[in-house]
Amino acid sequence: MKTIRRVGFIMAAILFIVSFALIYVAMSTGLLPTKYCIIFMIILGIIPIFIVFMQANKKSGIAGSIIAFILSIFLLIGTFYLHKTNKTLDKVSGTQVEVSVVNVYASAKDPAESIKEAVDEDYSFGYVAENENGMVNMTINEINTDYEANINTTEYASVYEMVDAFNSGDIQAMITGSAYLALLDEDENYSSVKDNLKILMANQVETEVSDKDDDDLDTASIDKDHFIVYISGIDTEGSVSTTSRSDVNILAVVNNKTKTVLLISTPRDFYVPLSISNGQRDKLTHAGVHGIECSMDTLGMLYNEKVSYYAKMNFTGFTRVIDALGGVDVDSPSDFSSLGNEYHFTKGMNHLNGPAALAFARERGNVSGGDRGRGNDQMLIIDAVLHKMMSKDMLLNYEEIMESVEGSVETSMDKEEIAYLVQTQLDSGSDWTILKYRVNGSDSEGACFSTGSQILYVMEPDQETVDYGSDLIDKVIKGDNVTQSQIDTFMVDHNY
């Protein structure tokens, strides 16, 4: 009996320690409302005492030890998952740094195999300084310092002019961001340039994303219950921190009081002034080349609203999160194929794994409206992901989901701000209403700020649809009643 009692006391002590660890980790995440933490503290504090009292006789003592053992196992598992959540939130939230990759390129057939050889051979280097925010100048200064040189450089008005000079032999190397070189993909006459280059030097430049207010914008009151998040999907398979064009440009307007999210999609080729271009217009997707701040501020200018946060995901991360969720169910508005005939989607409900969901979200050639239709499909994917994360599948695949998010998603929202949303959701238990809207425009051509005089395809904004989007944002922020049927009626009445 003494041995049984001793074991019971030990198990009660272990249970108490594990309970304390769980409560500590739960409170450190900030995800649980205070009242729940207090309730758990009381319950978990009483149970070990109850286990001790059960040691009065042999039968209840054994039962108490078994109960304490089982509860300790469950509490340890809970502590592990809460710690995992806390660790993931620390990694993905509060991100304030972007990484721009500036490379020195030479011809793939060039005899030089390093930047040192190019410097020793007195190569001429071309660059586009105006649009690269000083990052190229930093790289040039680094080369001069490291190799005690004063390299010959020529500045060009656009990446196209620099490449033309490179191809004609006026310069032997190019110093430019990998994101800028990717702009050539949009012109079939230049899309193969990257295939014939090699990198002599790679330089990663970190840029701090400032957290500033814009007093010039006429905005509704923004607080932790009413805010706008810019959702960016970048066209790279590397680090999510890398500066790149944004193929997904969606504003998520959140009203935490009414439990409403309005998703507004803006086509990637929308022809708008960038926040840094002094009124010169450019494709919206090109704003991402100048940094996430430029994309946020440009959309803020377009809708005359303050965009408070961003959430950024690359295509690699996109597929990992979808697969971790066990796939998503998407109600496709039409039949279409993507990536040739590798994927086919039927009108109605489709269950999609990660690669299929990516193909669904990226296709624009085979969907009605082209890039307009693609924006709608992207919102359908986001809607499906949000609903899946609110379902039991989130708990069933929790660890895998947390692992997929790390390194795949970044947001400027602080952990405390995310925790507040989780707390209020646990308190209310309310369902969320997700509304979807996309602006429209007409096919056109024009010169872009980021590419100089080169004429590219652009989409001329339909200002009436933009104004309606601004009105929707204001209504959702203020808590006015907005329904999907009202939005759909507007879009039908305006023939898109």
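Phenylalanine 74 lies in helix 3, which spans residues 58-92, and this placement opens a tour of a model that is predicted. With a relative accessibility of 58%, phenylalanine 74 counts as exposed. The residue also contributes to a nonpolar surface patch of about 930 Å².

After helix 5 comes glutamate 148, which has a positive phi near 50 degrees.

Positive phi values turn up in loops as well. Lysine 259, although not a glycine, has a positive phi of about 55 degrees. This lysine sits in the loop between strand 7 (246-255) and strand 8 (260-265). Lysine 259 is buried, because its relative accessible area is 6%, under the 20% limit for that class. Asparagine 304, likewise a residue other than glycine, has a positive phi near 55 degrees. Its loop runs between helix 8 (292-303) and strand 11 (309-314), and at 33% relative accessibility asparagine 304 counts as partly exposed.

Tyrosine 160 belongs to helix 6 (residues 159-168), while tyrosine 190 is in the loop between helix 7 (178-181) and strand 5, so the pair ties together parts that are 30 residues apart in sequence. Both tyrosine 160 and tyrosine 190 are buried. The rings of tyrosine 468 and phenylalanine 490 form a stacked pair, because their centres are 3.7 Å apart and their planes meet at 5 degrees. This pair links distant parts of the chain, with tyrosine 468 in helix 15 (residues 463-478) and phenylalanine 490 in helix 16 (residues 484-493), 22 residues apart. Tyrosine 468 is buried at a relative accessible area of 17%, and phenylalanine 490 is buried at 12%. Elsewhere, Phe336, Tyr343, Phe345 and Phe360 form one aromatic cluster.

Charged contacts complete the picture. A search of the whole structure gives 20 salt bridges. Aspartate 120 pairs with lysine 116 in one of them, the closest N and O atoms being 2.9 Å apart. Aspartate 120 and lysine 116 are four residues apart in helix 4, so about one helical turn separates them. Aspartate 120 counts as exposed at 53% relative accessibility, whereas lysine 116 counts as partly exposed at 44%.

Other salt bridges reach across the sequence. Arginine 362 and aspartate 247 meet through their side chains at 3.9 Å, N to O. Since arginine 362 lies in helix 10 (residues 354-362) and aspartate 247 in strand 7, the pair ties together parts that are 115 residues apart in sequence. Arginine 362 is partly exposed, with a relative accessible area of 38%, while aspartate 247 counts as buried at 9% relative accessibility. Glutamate 460 and arginine 281 form a salt bridge with an N to O distance of 2.7 Å. Here the linked parts of the chain are distant: glutamate 460 is in strand 19 (residues 452-461) and arginine 281 in strand 10 (residues 281-283), 179 residues apart. Both ends count as partly exposed, glutamate 460 at 26% relative accessibility and arginine 281 at 29%. Finally, salt bridges that share partners join Asp185, Glu186, Lys194, Arg245, Asp247, Arg268, Asp269, Lys283, Arg362 and Arg364 into one network.

Terms used: Residues numbered from 1 in each chain as written. Predicted model: local features only at pLDDT ≥ 70, side-chain atom pairs only at ≥ 80, totals over all residues. Heavy atoms only, no water. Patch = residues over 30% accessible without salt bridge, like charges linked within 9 Å, V, L, I, M, F, W, Y side chains within 5 Å. Areas by Shrake-Rupley, 256 points an atom, 1.4 Å probe, with all protein chains shown as cover. Salt bridge = Lys/Arg side-chain N within 4 Å of Asp/Glu carboxyl O. Helix = DSSP H or I, 4+ residues; strand = E, 2+ residues; numbered from the N terminus. Buried < 20%, exposed > 50% of the residue type's maximum accessible area, 1.4 Å probe, protein only. Phe/Tyr/Trp six-rings, centres within 6.5 Å; stacked < 30°, edge-to-face > 60°.
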